Amino acid sequence: MTLLATLDDADADLTACLARVMAAVLKPGDVVALQGPVGAGKTHFARAFIRARQGEAAEEVPSPTYTLVQTYADPLGTEIWHADLYRLTHPEELAELGLDEAMREAIVLVEWPEHGNPLEGALTVGLEPLADAPELRRITLAGSEPHWGLMTRLPAIARLIHRAGWAGARLVPLAGDASSRRYFRLVEDDGRSAVLMDASPGVTAPYVAMTQWLRALDLHAPEILATDQAQGLLLIEDLGDDLVARVLEQQPELAPRIYDRMTDLLVRLHGHEPPDFVLRLDGPELAHQVGLFAEYYPAAAGAPGKGAEVAAVIERLHAELAADMPPVLGLRDFHAENVVWRDEAPLGLLDFQDAVAVHPAYDLVSALQDARRDVAPEIEEAQIARYIAATGVDEARFRAAYALLGAQRNLRIMGIFTRLAQREGKRRYLAMMPRVWAAIRRDLAHPALAPLAKALEGVPAPTPEVIEGIAG
C-alpha cells in the first residue's frame, strides 16, 4: 500500500467534490475502503460518489449501518455496492452478503473495512477530522500499483474544481485524442457545463498562450475559466459536442458551407503575423519530422531501407517551392475533429497548443486531406481555389507547396500510425492508412514532386497484408 495523495483541509463540499471526481474514473472491479472515525464523513463521501454515478437518475442514499449493504445501478449499467461493516460480527459474514463476488463485478464502497477480511487491491480513502478545525478533514488516498497515475491527481483536480465554483458538478469522461491528455465534462444541475483538461504537470503554458493569442483576434478558442498550471489542469469553456466531424456525418449536405467557413477562418488567421513563441516549421524542421516515416513504415511494410532519402528531398523541395512565402500561424491539427460547428456563431477551435509558424498551405492540407474521413475531391479543389482567390497568392506556387506539404504531412502520419501500433499497441489508426496513402499518391502526381516520387520508389502501399503485418 502506497500513499498516493492527500487533501489537508477539505470541508464538506471539497470532500463531496473529491468523491464526484473519483466517481468519474472508477470502473467495475474497483473497491474503495473508506476509513475514519465515527462522524468523519465516510457516508457523506459515499453518497456523493453514488449520486454522481447515477446522474439525473440519482436517488436517496441512506447509510447502510443497519442493512449492512445497499446496492445501486447507474446509467452505464454498473452496479454499485455500498457496505457498512461496523456491525459485522465475523468476517465470514462477508460471503453471506455477497461482497466477495461483487468485488469482481461491481464498484464497491466499504465503510469500516477493518471489521472484515483485508480488502486486497482496494483503494483506501482515509478521512480524519482536524483537531483544531473539526469541520475540516485530512483526506488521504492510498493504494497499490493499479491505482497509481490518475489517482494521484484526483485531489488536485477536486481542489481546482472546488476553487473555481464547480464543486457540485458531476464529471463525465470525454473521448480523448492520441495524446496523454484526458478530458472531462463538468455538468451542474442547472445545465451549466465546462470541460476539464487533465494534461501532464507543467505542460499547459503553450495552450494558455495560444488561447490568449487567438481570443485577442476574436477567434473562438475556449475561454479559460480556471487553471492549475503546475499540475497541468485547465478548466475551460465547453463548446459542446457539435464537432464538424459529427455534423458532417449527420448532415453531409452541409459540407460545402462548413468547409467554406473553415477556409475563411484560415484566411483571417493568416492575415496576422504568427507569435514569436511558436516553433518555426521550416524546411529543416519538416524534414526532421518526416523522419518518422523512414524510421518506422518501410521496415514494417517489408521494405527496410527504402524511402531513406525522403527527408533530404523534402528539405530541398521546400527551399525551391515554399521558402519564399512568409510563414503564418498553423494550428497544426486543424481538421474536422478539432473544429466545433456553432451554426452562425464563429467556429470553435480545439487542440491548438502545438501551433507552429509555417507555410499558409499547411493547415489547408490538414483540413482537406483528413486522415480520419474522406473529403470529396470537388470540395478540396473548391477550397484551394477559394483560399487563392481570397489571399491573392501565386496560384502555381501555392498549389506546388500544397502538394509538398500534403505529402510531408501524410508521410509523417504514416510513420506515426506505424509507431503507435508497434510501440504502444494502438492499432485502430492502421485502418486510416489506405486513405492517407491515397492522399500521398495524389500529392505526388504534381510535377514539381517528381523527385519525391522517385525517393519513394519501392515503398509498398498499405495493403491489407501490409497492415496485418504491422499490427503483428
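Good morning. I begin with a pair of residues: Asp84 stands opposite Glu111 in strand S5. Please bear in mind that the model shown here is predicted.

The pair belongs to a longer contact. Strand S4, residues 79-84, runs parallel to S5, and five bridges join the two. Strand S2, residues 31-35, also pairs with S5 in the parallel sense, over four bridges. In that pairing, Val32 has Leu109 of S5 as its bridge partner.

How covered is S5 itself? Five of the five residues in S5, which spans residues 107-111, are buried. In a regular strand, side chains alternate between the two faces of the sheet. In S5, Ile107, Leu109 and Glu111 lie on one side, Val108 and Val110 lie on the other, and all are buried.

I turn next to helix H2, residues 42-54. Its 13 residues reach 19 Å from the first C-alpha to the last, close to the 18 Å expected at 1.5 Å a residue. H2 is mostly covered, with ten of its 13 residues buried. Among them are Phe45, Phe49 and Ile50, but also Lys42, Arg53 and Gln54. Just after the helix, Gly55 takes a positive phi of about 60°.

Finally, a separate topic: an open sheet of three strands in the order S13-S17-S14, with mixed pairing. Its edge strands, S13 (279-280) and S14 (328-330), each pair on one side only. S14 and S17, residues 356-358, pair in the antiparallel sense over three bridges. There, Gly330 stands opposite Val356 in S17.

Thank you for your attention.

Note on methods
Residues numbered from 1 in each chain as written. Predicted model: local features only at pLDDT ≥ 70, side-chain atom pairs only at ≥ 80, totals over all residues. Heavy atoms only, no water. Expected span 1.5 Å × (residues − 1). Buried < 20%, exposed > 50% of the residue type's maximum accessible area, 1.4 Å probe, protein only. Pairing = 2+ DSSP bridges.
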